[in-house]
Amino acid sequence: MTGVYESTYQAARSVAATVESHFAHHVSTAARNGVSDLAEHPRAYYIEAIIDAAFWASLRKEEGRSPRISIAFLPPDQVDSALLFGNRLKLTPLVLTKLAPGIERPGVHLGVWYDENGLYIWGTTIKLPNFCFVLDVSEPGLLVIKHRRMSGFGKYSNVAVLKGDQVKVVDESCVHHADCPPILKALLDLSALIDHSVNVLIQLAVSMRAHHQGGILLVVPKGSDDWKRSIIQPMQYPVSPPFTGLANLVWEEGVERSESIWQSMLNREVDNLAGLTAIDGATIINDQHELIAFGAKISIAETSTRLESVALIEPVVGGEADTVHPGKIGGTRHLSAAQFVHDQHDAIALVASQDGVFTIFSWSPSAQTVQAHRIDTLLL
């Protein structure tokens, strides 16, 4: 393939150079820091070609179903136990659509590489090198460019999201903003090893969003009861003693967190807890991941005032902070969660809407206001 690719999906060309620069920067930085098993960063024309083929495949259907595909850019000899096809297949929307039903399970990636004739599909893999370019076809017209985390497990790091003609590129510089909450730093600091406790909050956010029921998760300090002033008493569904199933796994010492058995157990506990957020009211855990209550009703603390504004921020390029009334972000869930953080500065609130919008509410000491980070772009 030459250095020029003529895509028919215009968003592919508009984002390709930016994505190439992102991967080139992180791969070279990781190499200088002695990181092993690094992927080769893709050139812009390969990125453009992969996006173009994936987009048009996403609009097709095979036996009435839209394809869900994960494409990884790497040579077959860089991973162990790869499933190799007997013939190299050309990367086209038709081929992707035909293969999609057999590779749509989570964790299965369609391997793509290049030769003198251009890009080709060589097989599938469940293992990826560090900073490997991955493109997920999530739904018709919705593509997510991402790579695996350095910690080796958990939510992949999103780089860019393309939906139709709309392109959102993740803005990593948001980690340097004052009072950026730890969960957002973990989602944005794409080259860093993530604290396992924070990684679990990311997994909880993904699971909350996945059940499509909407919900609130409040995270409060362990050993403090101040948060109870903002909850209608008595609580309908308290948990006594606090449930420690998730906490025991997170804080277990001497465990190898790269082991699939431990990760499977963690995923079950995460889904168990996140499922409770679908119940009307808020689910409450402490910062040690112990479950305290669910279905809790939030109220304004007696010594507080009604919240009138929050700083709304989306961590994407061009996503400038805006001061808005919390009612403009969402419905009752967002209003009550923002009020809770306004009254309880040492707590955070994770809020999922039924339509997939996801917001983190936290207190900003420097700005003396509640900040609302909209992070659904990072959770896809």
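This report describes the domains and the aromatic contacts of a predicted model.

## Basis of the model

Residues are numbered from 1 along each chain as its sequence is written, and side-chain values use heavy atoms, with hydrogens and water left out. Because the model is predicted, local features need pLDDT of at least 70 and side-chain atom pairs count only at pLDDT 80 or more, whereas totals for chains, interfaces and linings use all residues.

## Domains

The chain is divided into domain 1 (10-169) and domain 2 (176-378), with bounds that come from an automatic or database domain assignment. The C-alpha centres of domain 1 and domain 2 lie 30 Å apart.

## Aromatic pairs

A search of the whole structure finds 10 aromatic pairs (rings of Phe, Tyr and Trp, the last by its six-membered ring, with centres within 6.5 Å; planes under 30 degrees apart count as stacked, over 60 as edge-to-face and the rest as tilted). One of them is the stacked pair of Y9 and F55, at 3.7 Å centre to centre and 5° between the planes. Y9 belongs to the segment before α1 (10-32) and F55 to helix α2 (residues 44-58), 46 residues apart, where helices (H or I, at least four residues) and strands (E, at least two) are DSSP runs numbered from the N terminus. Y9 is buried at a relative accessible area of 5%, and F55 is buried at 8% (buried means under 20%, exposed over 50%, partly exposed in between, with a 1.4 Å probe and protein chains only).

The rings of Y46 and Y114 are also stacked, because their centres are 4.7 Å apart and their planes at 25°. This pair links helix α2, which holds Y46, to strand β3 (residues 109-115), which holds Y114, across 68 residues. Y46 is buried at 5%, while Y114 is partly exposed at 26%. Y45, Y46, F73, W113 and Y114 form one aromatic cluster.
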